[in-house]
Each structure stands twice: as structure tokens, then as C-alpha cells.
Amino acid sequence: MMYTPTIPPPDPNTRTPKFKLPKLSCDAHCHIFGPGSKYPYAPDRSYTPPDAPLEDFRALHAKLGVERAVIVNASVHGTDNTVALDAIAKSNGAYRAVANIDDTITERGLQVLHEGGFRGCRFNFVRHLGGVPDKRVFNRIIAMVAPLGWHIDLHFDAIDLPEYADMLTRLPLSYTIDHMGRVKASEGLDQLPFKILIELMQRDEKCWVKICGSERVSSAGPPFTDAVPFARKIVETAPDRVIWGTDWPHPNVKVMPNDGDLVDLIPLFAPEPEFQQKILVDNPARLFEFDR
């Protein structure tokens, strides 16, 4: 089947970063798209990506110095998680994944994903990607995945974070918040959604935050350094519950980043080697159950 992409591809000329990642560093938020001829895109998808297959994914990580990865199965593949299952099977233990599932999933289907290296599932609350999940479905899936020790990955618009904060603290399992809560850098560190995010990290040991998506947070554009104070505050607040990712191949961004530039933001987020080790190696190993 042929697909016509509706979004641009990633920058093909990945710059070799100046910052050298520690051994066993993990890109804890990235995607594999297709190829559509082998892994069809969902009929009800909200966008059509250019193929970003496993071989491109591997080449990117080799250039950046990334040794581990967590594949977040994106909405374009619907609830078919085969693309990530297959990638994990070929990774020699270097990959884990976060699933897209709905309430048609069976206990057996969940077990297959768990045995295949999945350690969480994702819920999208972002309006332009379809909006809020059905509360009944949300609760049912949480009840199913909690016994497996999974976490849930939550994609919010910043404006909606205050509304959901209390619900999050009541969850019976850990949760990750994508892209620093998608706050807008131009609105400053004192904006309500960011204050709520920091308070959540302070009061809820189940709350993890991904310091990825600097290009989504930034208002100034490349090299996205106006996102740095936000990531820095997140790191200082709970260094044991922060993970980092590229978000390659960067679906639906206003400005396409170079992944080498994104890696070079890390020492600005976390100048301390001990924090770098936690964010890039120890924390993802704990959350996604990588073998040490």
C-alpha cells in the first residue's frame, strides 16, 4: 500500500553531538513508523508520517551514541503494536516499548506484549490528536496493566494539566508525563501548568517526567535553549524520576530539530555527571526493567 505523507521527515543529516553520552544511555521516547508496506498505518490516523523504519532508527542512535531505546508506539499505527514488538525482538535486549491499546485488549494479548518487552501503555489527552480518552476505558485498562507493574504514559496539552492533577495522584501505578507537559517557554517558569507539574513531582512519588520535546516547548526556535530552564527545574525537583528522549522522527513539530542539537542540550539540562547518569541510564533501566 502506498501512503502520501502529510508531515515532513526528520532531518536526514544528523549532526554528531559534542556531548558524549554515558555508556548504556537510553533514548526513552522515540518512534518507529512503518514501513507502511509492511506495517500498515491505521485508517483513522490523524496524520500520515513518512516511513521512519528500524534501520533509520538504528543509524540515528549509532550516530548519537545511544545504546538503549524505548519505542513509544504512535497513534498512526493504532492499536497494532507489531512494529515495536518486532524491533524489540531484533534488539538483543536493548529496546523496550510503550503500547497503544484500547479496551478490546485481552489478558493474553497483554501478556504477549509484556513478554515481548512492553512496560507501559500510552494515553493521549492532546486535543489535536483526538482528545480525551473515554474514562471507563481508561480505568479498565489501568486495572488490567497495574498487576504487570506497567506504568502509563500521558500526553497532555499544558493547559489541561491543572484539571487532571488530582486524578493523577490517585492513580494506582506510576505515570510518565511527555514533553515536559508541553508547556510554552514564552509563558515562563511561573505559568500555572508548569507550577502544577513541579508540584506533582514534589508530592507524588509515582510521577515521572520526560525532558524531551524541547522543540515543542521552545518559543524561540533552534537550538531551543529557551526550553533549558524548564528541563533544569524538572531535573532539580526529582532527579530519580526524570528520563530523556529524542522524540525522533518528530511528528507534527513546527520546526524540525536536528537530533545532534537535542543531545547537546543534555549538559545544559543536567551539567552534573551524576544527574546525567540517572537521567540517561539508571532511571530508564529501573522504569523499563532493562537488565543492568
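**Notebook: strand β4 and the cysteines**

I first looked up Val 98 and found that this residue stands opposite Gly 120 in β4. I note that the model is predicted, that local features need pLDDT of at least 70 and side-chain atom pairs pLDDT 80 or more, while totals for chains, interfaces and linings use all residues. Residues are numbered from 1 along each chain as its sequence is written, and side-chain values use heavy atoms, with hydrogens and water left out.

Next I recorded the pairing of strand β3 (residues 95–99) with β4, which is parallel and runs over three bridges. Two strands pair if DSSP finds at least two bridges between them; helices (H or I, at least four residues) and strands (E, at least two) are DSSP runs numbered from the N terminus. I then followed the chain from β3 through helix α3 (residues 107–115) to β4, a right-handed β-α-β crossover. Right-handed means that, with the strands pointing away from the viewer, the path from the first strand over the helix to the second runs clockwise.

I also found β4 paired with strand β5 (residues 151–155), in the parallel sense over five bridges. Here Cys 121 has Ile 152 in β5 as its bridge partner.

I checked the cover of β4 (residues 118–124): seven of its seven residues are buried. Buried means under 20% relative accessible area, exposed over 50%, and partly exposed in between (1.4 Å probe, protein chains only).

Finally, I searched the whole structure for disulfides (pairs of cysteine sulfur atoms within 2.5 Å) and found zero. The sulfur of Cys 26 has its closest cysteine sulfur in Cys 30, 7.4 Å away, too far for a bond. I noted Cys 26 as buried, at 1% relative accessibility, and Cys 30 as buried, at 0%.
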